[in-house]
Amino acid sequence: MKPTHPLHKYMRPSAIRTANCPGCGNGILTQAILRAIDEEGLDMDDFVFVSGIGCAAWIPSPLFLADTLHTTHGRPIAFATGVKLAKPDRRVMVISGDGDLLAIGGNHFIHAARRNIDMTVVCVNNGIYGMTGGQVAPTTPIGLRTMTSPYGNIENDFDISGLATAAGATYVARWTVIQTRQITKSVRKALEHRGFSFIEVVSHCPVQFGRKTGMGSSTQMLDWLKEISVTATKASGMTPAELEGKIVVGEFVDIDKPVLDVELERMRRDAQGGDDAEN
Amino acid sequence: MNTDRVLTGRHFMQGNIACAEGALAAGCTFMAGYPITPASEISERMASRLPALRGENGVFIQMEDEISSLAAVIGASWTGAKSMTATSGPGISLMLEHVGYAVGTETPCVIVNVQRGGPTTGIPSVELQGDLIQAGHGSHGEYRIIAVAPSSPQEMFDHTVLAFNLAEKYRTPVFVLADSFVGHMREEVVIPDASGIEIADRVISPGGYNQETDQGFLSVDVAPMPIFGRGFRSHVTSSCHTETGKRNVTDATALDNFIRKLCGKIEKNRDDIVIVDDATNDADIAMVAYGTVFRAAREAVGAARDAGISADTFRPVTVWPFPDREIHELSRRVKAILVLENNLGQMLHFVRSVAECPVHFLEPEVLGTLHDIDRIVAKLKDIAP
Amino acid sequence: MEGADTPLPKNRHIRIFVDDSLCKGTDGCGLCIHVCPRNVYDKADMTDRGIRPPKPERVDDCTACYLCMMYCPDFALVVEENE
C-alpha cells in the first residue's frame, strides 16, 4: 500500500497542489511549520491561522485544514488581535510576507510586539514582492535591480528581527529555509511561549527574485542561503565589515513579560469585583 | 462603574453615551477604536463598561489606528462576538477597505460614524451630513450596505440596537450615521428593561458542518456563519469566492455570482430592512430629511402651517438601502418634495432619480449648522404650489 | 500516492515514494537531487504533465537521512523505514 505524506492530514484535500512556483522556499517552510505542530501533538482545531496578501500568505490559506482568516494586505496582525482577544483559548498564528508585515503592515507589527499579545508571527522574508511580479521591498538588498528599482535599489533594508526585538517581542528568532530543522524547533518554542513570538524565515524566491535578478535557480539560491548564514554566536565575534551581506541566524530573544490577554483578564476581574458605583 | 449590561431607567444622557449603552443592550462584547473628535466618548464609555460587565468577557482595545480597529472588530466577529467600532469621517475614510472586507466576507459588525465638518481634517466639532454617499458606496467595487441615521440621543440608543440586529440578521456591516450634534447633545433617554429590548443573533452553522462538502445553505440568502473555534475549519477569504468559501479568481462568472449574491442579500430583503417615518398624510409638500436635519424639518411643520403652507416630514430612518420605492410612492401623492440636508446634496440625487413630482433642495445657510426654521419656511413659500 | 514505487531492497528496509502528481519537476526545482548527500536520485523521464520528477535510482545507498523529504516544497516525497 502506498503511503500518504504524514503531514497531508493537516491539509485541505482540494488544496494540496499548491500555487507555489517550482522550488519555492515557502514549501520548505510550510513543511517545517506543520512538522512543529505534528511533533507538539497539537490539534489543528485549536488554531486560527491568519494571513495577509502575498505568496507567503498562501501558506496557511487555503492549504491548512483549520480555521483560516485571509485578510487584507498588511493587516493580518490586526485581525489576529481581534481574534485572540475575543477568544483567548485559540492558538493564533500569523504567517505572512515581509512586504505585507513590514511595509504596509509595519505599524500593526510593532504595536502587537509592544503589547506582547500571545500569538506566533512567522514573517517569510524573501526580499521582494513576489506575487505581484518582483518589485523592490523594504528587505531587498541594496543595489539589487528589481521591477521598481531598475537602476539598482538605493534604499537601506530592514533588520526585521532587530525591529521585533526593539518593539518588545518576547521570543525572536531568525532562520533561513536551509535550517529547516531549526525552524521547526523555533516554531515549537514559539507555540509554547506565552507572549508575542516572532520568527523571521528567510525564504528564497527562485522566480521573481532568482530568475529576474540573475541570482540563480532554486538550488543555487539555497546554496547561497547556506553560504551567507552565520550563527548568532559566531556573528558576535565578527566585525560589521565581515558581517556585510551575511544573514545572522539563531534565537535572539526568549524572555517573559506580562502578556496582553492575561492582563486583560486580570483587568476584568478588578473591574467586575470593584465597587458598584455610579452609572 | 456599573456592572449591569442594560441600564434600565430614565436618563439625561449624551448621544454618544446613549450609543454605547445601546451597543451594550444589543449584546456587544467587543469594541476596538481609536480616538477622534467627536466620537471619542463612545470609546471612553465602552472602555469603562465592557471590562466591567459582570461575569462576561467584554473587551475594549484602543488600536493603533482606525484601519486596525475595524480589522480587529472583524477578527473578533469571526469568533462569534458582537463587535463594533466608532469614529468620524476621517476614520471612516481609512476604514473603507475593511468595510469592503466585511461586506465580502459577510461579517456582522457595527460602524458608528459621528460625522464632522469635512472634507479632510475640516472642523472636528461641527456637524455635517457629508458622509452619506461614503457610507453607501465609499469602498471600492460593487456592493450594498445598510445605514441608519439617528436624530436624538434616544435614537442613538435605539438605532444602535437596530444596527446590531440588522448586522446579525443579514451578516453585514451596518453604519450608524450620527453627527457631532446628536453625538454631543444631551436629552432624555429611556432605556427599557432588558426583556423589552428585541435582540437578534446571527445564525451559526450547525455542528458537523463541513465547508468542503456541505451544500445545504445555498438555498438561503443569508448563510449560517461558520464561526471559528467550532471545528468547522472555515476558510474565510476576501478573494472572490464561491458559496463554500472556496477562492475563485479566474472565472468572471464567479465574480458575477459573488456580487449578485451579496447585493441581492440586501436588495431582496429591502422590505424588511427599510424603515421610514412618514408624517406627510395629505400634505402638499413633503420635507425629506434624515438624522439631525429631521429635527429642524419637524420644527418647521408648525411654522409652515401658521404661514398657510401644507408641509410635513418624510424621514428615511434607514438611509441605506435608499428607500426608493417609498419615495417614489410619496412623489405621486404630494405636489412637491423639498430635500433638506446638511451638505450640498447627496440624498438629493437619489430622490430626484425616483420622484415624479418636482424636487427642490435646501441646505442650511451656513453648512455645518442646522437649518433655521425661518429659512425653511421661506423656501417652502417659494416652492409652494 | 501515485508514482514510482520502488521494490524492497534486499538488505535495507528503506522505501522512497515519489508522487508525480504533486512534484513540480527537477528542472525548475530539483531540491531533492541537490540536497541528497548519497546521490540516490536521477531525473526521470518527462511525464504527461511536462515535468521530470526524481527517480530514486540508488535506494541501496540511501541512509534515510530524510533531507529530500524535508526539503521537498510540495510534499511529493515520502521516505519510509520499515522494520
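These legends go with close-up views of a predicted model.

As a predicted model, it shows local features only at pLDDT of at least 70 and side-chain atom pairs only at pLDDT 80 or more, while totals for chains, interfaces and linings use all residues. Residues are numbered from 1 along each chain as its sequence is written, and chains are lettered from A and ligands numbered from 1 in the order in which they are written.

**View 1. Where chain A touches chain C.** Here, 21 residues of chain A are in contact with 18 residues of chain C (contact: C-beta atoms, placed from the backbone, within 7 Å). On the chain A side, α1 (25-39) and α8 (218-228) are the elements that give two or more residues, and α1(A) gives the most, with 4. Helices are DSSP runs of H or I with at least four residues, strands are E runs with at least two, and both are numbered from the N terminus. That side of chain A splits into 7 nonpolar, 12 polar and 2 charged residues. Nonpolar covers Ala, Val, Leu, Ile, Met, Phe, Trp, Tyr, Cys and Pro; charged covers Asp, Glu, Lys and Arg; the others, Gly among them, are polar.

**View 2. The build of chain C.** Chain C has 2 helices and 4 strands, and from the N terminus they go β-α-β-β-α-β. Of its 83 residues, 41% are buried (20 or more other C-beta atoms within 10 Å of a residue's own, all placed from the backbone).

**View 3. Confidence along chain A.** The mean pLDDT (the predictor's confidence in each residue, from 0 to 100) is 94 for chain A, with 97% of its residues at 70 or more. Over residues 275-279 of chain A, though, pLDDT stays under 50.

How values were computed: Two residues are in contact if their C-beta atoms, placed from the backbone, lie within 7 Å. A residue is buried if 20 or more other C-beta atoms lie within 10 Å of its own, exposed if 12 or fewer, and partly exposed in between; C-beta atoms are placed from the backbone.
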